[in-house]
Structures are given as structure tokens and as C-alpha cells.
Amino acid sequence: MNRRELLEKAPIATVFLKYALPSIITMCFFGLQNLVDGYVVGNYVSEKALGGVNIITPLFSFVMVVAMIVSIGCQTLVSQGLGAGDTEKAQTAMSTGFWGLLINSLVVMLVLLIEMKWFIRLLGADEALFPYAYSYLRGMVWFIPTISLCFYFDMMLKSLGRPITSTVIMSLVVLLNIVLSLLFVLQFGWGIMGTSIATGIAFSIAALISGAILLKGRHSVSLLKGRFSFSLLWRASYNGSSEGASELSSALSILIINNVIIRLIGAEGVSAFTVMNLTNFIGVLLFLGISDGMIPVMGYLFGARQFGRLKTFFRFIAKTNFVIGIIVFAILQCFGKPIIGLFVKDSHSHVAEIAYQGLHIFSYAFLINGFNILVTSFFTSIGNALGSIVIATLRGVVFIGIGMLILPAFLGERGIWLTLVLSEVLTLVVSVFLARRSVVFRN
């Protein structure tokens with residue numbers, strides 16, 4: 001069965017497994033990497049080092065926003081072009097994204113090298129967290145171009161119908177990242193910088209491997225065959241800005257929450273929030289793996305004008321995400337304490353207690369956020385960047401910002417965690433409304 005027959009005629013479950021499962025596996029490996037890094041940093045560096053990583057998270061997210069905007073925007077155009085039989089459009093999109101992202105990532109790296117300390121202070125690092133944040137970023141900054149291109153090449157492989165190849169490459173590289181992290185921190189004694197250097201090296205290797213595959217030209221489109229187009233780069237960036245808005249909103253929400261936590265709780269609160277994020281990240285990765293894996297499928301079906309089949313896919317994914325959400329919620333409610341204990345030396349410490357209380361409340365969000373993540377990716381795949389941006393901005397900035405201004409003032413630290421759940425609930429209402437009004441569900 002060729003790619004067209006698979007996407008247009010095969011059973012929904014078959015297509016879902018072929019595209020979503022490899023993406024889920026890759027995301028799970030990413031989760032394993034973060035768990036191992038969190039375990040190593042929390043147990044063999046210090047709990048404050050975890051807070052230093054969390055301080056840098058918004059900055060690194062800002063950097064990756066650009067990679068996501070270009071990568072997912074071009075992936076959508078490539079998928080739509082292939083679905084419509086427009087090979088030239090797909091070819092131009094792939095080459096344009098590569099050159100645009102390469103130049104941009106080099107500029108970002110140079111800016112951060114020059115103003116690194118200023119950016120870290122801007123993110124709110126106090127004297128206790130600054131050394132760890134600076135050390136982590138100093139190891140990571142040199143690898144920004146290759147990490148960005150690694151993400152881009154991964155999206156291109158999926159758009160060409162090679163999700164399994166993508167999964168094999170990324171899974172092996174994540175395993176290498178884990179091995180290098182353990183080696184650099186435990187054996188070489190490089191501290192928190194060792195984890196960032198390990199990440200940079202591992203993903204640079206992934207970029208070389210996947211880039212070499214895309215250069216071979218055995219597909220209908222190849223990495224460097226097309227021409228560079230500013231107009232197409234603008235179109236791709238506009239469409240990809242929807243997913244970029246999700247990442248940017250996440251970065252802004254972390255920045256907002258970090259500042260509220262520092263004011264109400266202090267550095268220990270930031271460390272606890274980092275532990276929560278590591279735990280929550282695993283559940284969210286499942287939703288992201290499914291949604292990102294299905295973007296090429298939904299984009300192809302939209303380009304082929306098969307709206308009925310696209311609606312069937314959407315409903316199937318929504319039901320799957322809801323079942324996963326129930327399972328993740330149950331696991332976090334029942335095993336939250338031992339999971340948190342993996343990342344702190346003393347499971348009875350104040351950091352562990354704050355993290356457990358927060359996780360107990362925030363776990364309710366998993367009953368909802370799978371649908372919100374799906375709708376964001378759905379709008380990206382059909383080229384409706386505005387709808388996706390609205391959802392991402394409301395979910396990650398507007399509702400979080402309003403909640404942080406009101407609830408902690410009355411409920412203390414409990415109000416911080418309740419804000420995260422309330423944000424998902426309010427976003428769900430908007431997501432359902434906008435999805436029902438989309439061109440796909442009106443036909």
C-alpha cells in the first residue's frame with residue numbers, strides 16, 4: 001500500500017498506529033531523557049540546580065519557538081503540497097525552511113553568547129540560582145543551530161512518510177544523551193553543564209544523520225533541490241506560528257509562575273515547580289506525540305479535501321487522548337509521592353512536600369489538556385494559524401496571568417496550582433467553540 005492509499009483508504013486505527021505510535025515512542029524517549037537528567041541533577045548536583053534549569057527553560061523555549069514556527073509551518077506546506085500533488089510547492093517549502101532556520105539559529109547563538117548574563121538576570125535568577133542557570137546555558141548555547149536543525153529534519157522525515165525512521169534516529173540519540181549525561185556528571189564531574197553539553201552533542205549527531213538522509217534525494221522532494229522563497233518562508237512562519245505560540249505561551253507561563261513562586265515561596269518553590277514539570281512532562285508528551293504525529297496526516301487530508309475522513313480522525317484522536325488523560329491522572333494521584341522522590345535527595349524535604357501538593361492538584365488538568373493540545377495541532381494542519389494562536393495564548397498566557405493575579409492573593413500557593421487547572425478548563429470551552437466553527441466541521 002503506497003502513501004496515498006494508506007492515508008486516504010486504510011482503516012483509521014492503522015494510519016493512527018503508523019504515524020502516531022512512532023511519534024509517541026520518540027516523545028517517551030524524550031521524557032526518559034528528562035527524567036534521567038532530573039534525577040542526576042537533583043540527586044548528584046543539588047535541588048537548587050533544578051531551579052537553575054527551570055530559570056533557563058523560558059529562554060530555551062523562546063529559542064525553540066523559532067525552530068517550531070519554521071519546522072512545523074514548512075512541514076504543513078510540504079504535507080499539503082504532496083496531498084494536492086504539487087511537488088514544486090513541497091520542494092520549495094523544504095529548502096526554504098532549511099536555509100531560513102540555519103541563518104536564524106546562528107544569529108540567536110551569537111546574541112546569547114554576547115549577552116548571556118543579562119538574559120539570565122532578566123529571567124529572574126536570584127543569587128542562589130544564577131550560578132546553576134549560567135552554567136547550564138553556557139554548555140547549551142553552542143549547540144543551538146544543530147538542535148534547531150535536528151527538530152526541522154525530524155519534521156521533514158515525517159512529512160515524507162518516514163515516521164519510523166524519525167523514531168529510530170531520535171530514540172537512539174536520546175539514549176546517547178542519557179549515557180553522556182551520566183558520564184559527564186558522575187564520572188567527569190562537570191556538574192549541571194555536563195547535562196547541557198550531553199544534550200547538545202547527542203542532538204547534533206541526530207541532525208547529521210537525519211540531514212544526510214534528506215540530502216540523498218530518494219524521495220519526491222529533497223532538502224536542497226528547491227529554491228529559497230521569502231514569500232513562502234513568510235507563509236510557513238505564519239502557519240507555524242500557531243505551534244510556536246504554544247511553545248512561547250508555555251515559556252511565558254513558566255516565567256510568570258516562576259516569579260510568583262519566588263515572591264511567595266522562594267527558591268525552594270522554583271525547585272519544587274521544576275520537579276512538577278518533570279513529572280507532568282511525561283503525560284503531556286503523550287498528547288504531544290499523538291498530535292504532532294498526526295499533523296502530516298491531517299494536513300494531507302486537508303490538502304486532498306477529504307473533510308469527512310479528517311473529521312473521523314479528529315474524533316478518534318480526541319477519544320484516545322481522553323482515555324490517556326484518565327490513566328495519567330490516576331497514576332499521578334496514586335503514585336505522586338514516589339515519583340517526586342526520584343528527583344530529590346530527601347523525599348520528606350520541603351521541596352518534595354511543595355511538589356507533591358502541587359502535583360495532586362495539577363493532575364486534574366490531564367483530564368482536559370489532551371483535547372486542547374489536539375485542537376492546536378488541528379488548526380495548524382489546516383492552515384488556520386489564528387485559531388491555534390488564540391487557543392495557545394489564552395491557555396498559556398491570558399488565563400494563567402489573570403489567575404496568578406487573583407487566586408494566589410486569596411489562596412496562597414494553593415492558588416498557583418489551581419490556576420493551572422482553571423486555565424485548561426476555560427481553554428476547553430474556547431477550543432470546542434472554535435473547532436466546531438472551522439471549515440472542516442462546517443462541511
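## Largest pocket

The largest pocket of this predicted model holds about 180 Å³ of space. A pocket here is an open set of points on a 1 Å grid over the protein atoms alone, where a 1.4 Å probe fits, with protein on both sides within 12 Å along at least five of seven lines. Its volume is the space filled by probe spheres set on the points.

The lining has 13 residues, each with an atom within 4 Å of a point. Closest to the centre are Thr279, Ile282, Ile331, Leu332 and Ile339. Helix 11 (267–303) and helix 12 (307–340) each supply at least two lining residues. Helix 12 gives the most, with 6. Helices are DSSP runs (H or I, at least four residues), numbered from the N terminus.

## Cysteines

There are 0 disulfides (cysteine sulfur pairs within 2.5 Å). The sulfur of Cys150 is 16 Å from the closest cysteine sulfur, in Cys74, so a bond is ruled out by distance.

## Nonpolar patch

Val398, Ile402, Leu405, Ile406, Phe410 and Leu411 make a nonpolar surface patch of about 620 Å². Phe410 lies in helix 15 (residues 385–411). Phe410 is exposed (over 50%), with a relative accessible area of 70%.

## Basis

Residues are numbered from 1 along each chain as its sequence is written, and side-chain values use heavy atoms, without hydrogens or water. In this predicted model, local features need pLDDT of at least 70 and side-chain atom pairs count only at pLDDT 80 or more, while totals for chains, interfaces and linings use all residues.

Terms used: Patch = residues over 30% accessible without salt bridge, like charges linked within 9 Å, V, L, I, M, F, W, Y side chains within 5 Å. Areas by Shrake-Rupley, 256 points an atom, 1.4 Å probe, with all protein chains shown as cover. Salt bridge = Lys/Arg side-chain N within 4 Å of Asp/Glu carboxyl O. Buried < 20%, exposed > 50% of the residue type's maximum accessible area, 1.4 Å probe, protein only.
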